[in-house]
Amino acid sequence: EGIISGAADFGLFIEELSMRRDLKTVKNKSPKLILTDQDLLPIELPQVILGNKLLRFKENIILQVHYHDNKFLWVRSEKCGIDTDGFTRQELIDNIERQIIFLWKVYAQAADTSLTPAAQVLKQYLLKNWYEVANNIKE
């Protein structure tokens, strides 16, 4: 019921992201971004907010930022299942966080029987390296 069931579906998910990226590029027809050295620094995340919890990583997730087609910033980590982009560094970080939450909910919390063998490998990686803790931060 709405759970991505493995490598084939993950491939479709990545293909959909690519199509969205292409649509954004065509829609915006943005001129070359004006980047600073800061924009291309690796992004390092120790945790993301997951509702009333935090999703922490045993080792910080470090993603190298790439400037793609002179139009947008892009990151990819095959081991974590992350592949996303943004027109600004902040948009990229927001998209990374959304994708991490998606991966946690759809893969790490799925029943093994609903996942293909490739998706089960991703699930095991996530469960081994990511974990939830209480969010004691008051807003």
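In which strand is P46 found? P46 is found in strand β1. Strands here are DSSP runs of E with at least two residues, helices are DSSP runs of H or I with at least four, and both are numbered from the N terminus. The model is predicted, so local features need pLDDT of at least 70 and side-chain atom pairs count only at pLDDT 80 or more, while totals for chains, interfaces and linings use all residues. Residues are numbered from 1 along each chain as its sequence is written, and side-chain values use heavy atoms, with hydrogens and water left out.

Start with the whole chain. The chain holds three helices and six strands. From the N terminus on, the order is α-β-β-β-β-β-α-α-β. Of the 139 residues, 36% are buried. Buried means under 20% relative accessible area, exposed means over 50%, and partly exposed lies in between, with a 1.4 Å probe and protein chains only. Contacts (heavy atoms within 4.5 Å) also say something about the fold. Among contacts with a separation of 6 or more, 56% join residues 24 or more positions apart.

Return to P46. P46 is partly exposed, because its relative accessible area is 40%. Neighbours within four places in sequence aside, P46 is in contact with L55, R56, F57 and N60. P46 and F57 are eleven residues apart in sequence, yet 5.8 Å apart in space from C-alpha to C-alpha.

Two strands pair if DSSP finds at least two bridges between them. The angles given with directions run from 0 to 180 degrees between N-to-C directions, and axes are lines fitted to C-alpha atoms, for helices over the stretch in contact.

Now take the pairs one by one. Seven bridges link β1 and β2 in the antiparallel sense. V48 has L55 of β2 as its bridge partner, and L45 stands opposite I61 in β2. The hairpin of β1 and β2 has two residues between the strands, and G51 there takes a positive phi near 65°. On to β2 and β6: five bridges join these antiparallel strands. Here F57 stands opposite W130 in β6.

A second hairpin is formed by β4 and β5, with four residues between them. G81 in its turn has a positive phi of about 80°. The two strands run antiparallel and are joined by five bridges, and S77 has I82 of β5 as its bridge partner. Five of the five residues of β5 (residues 82–86) are buried, so this strand is largely enclosed by the rest of the structure. I82, T84 and G86 point one way from β5, while D83 and D85 point the other way.

Next come the helices. Two packed helices are described by the angle between their axes and the distance between the axes. For α2 and α3, the angle is about 115° and the axes are 9 Å apart. The contact is made by L103, W104, Y107 and A108 of α2, with A119, L122, K123, L126 and L127 of α3. By class, it has eight nonpolar residues, no polar ones and one charged. Ala, Val, Leu, Ile, Met, Phe, Trp, Tyr, Cys and Pro count as nonpolar, Asp, Glu, Lys and Arg as charged, and the others, Gly among them, as polar.

Finally, the core. Which residues touch the most other members of the largest nonpolar core? Of its 28 residues, I100 and W130 do. Such a core is a set of buried Ala, Val, Leu, Ile, Met, Phe, Trp, Tyr and Cys residues joined through side-chain atoms within 4.5 Å. The elements giving two or more residues to this core are β1 (43–50), β2 (53–63), β4 (72–77), α2 (89–108) and α3 (117–129). The largest share, nine residues, comes from α2. Neighbours within four places in sequence aside, W130 is in contact with L55, R56, F57, I61, C80, I100, L103, W104 and Y125.
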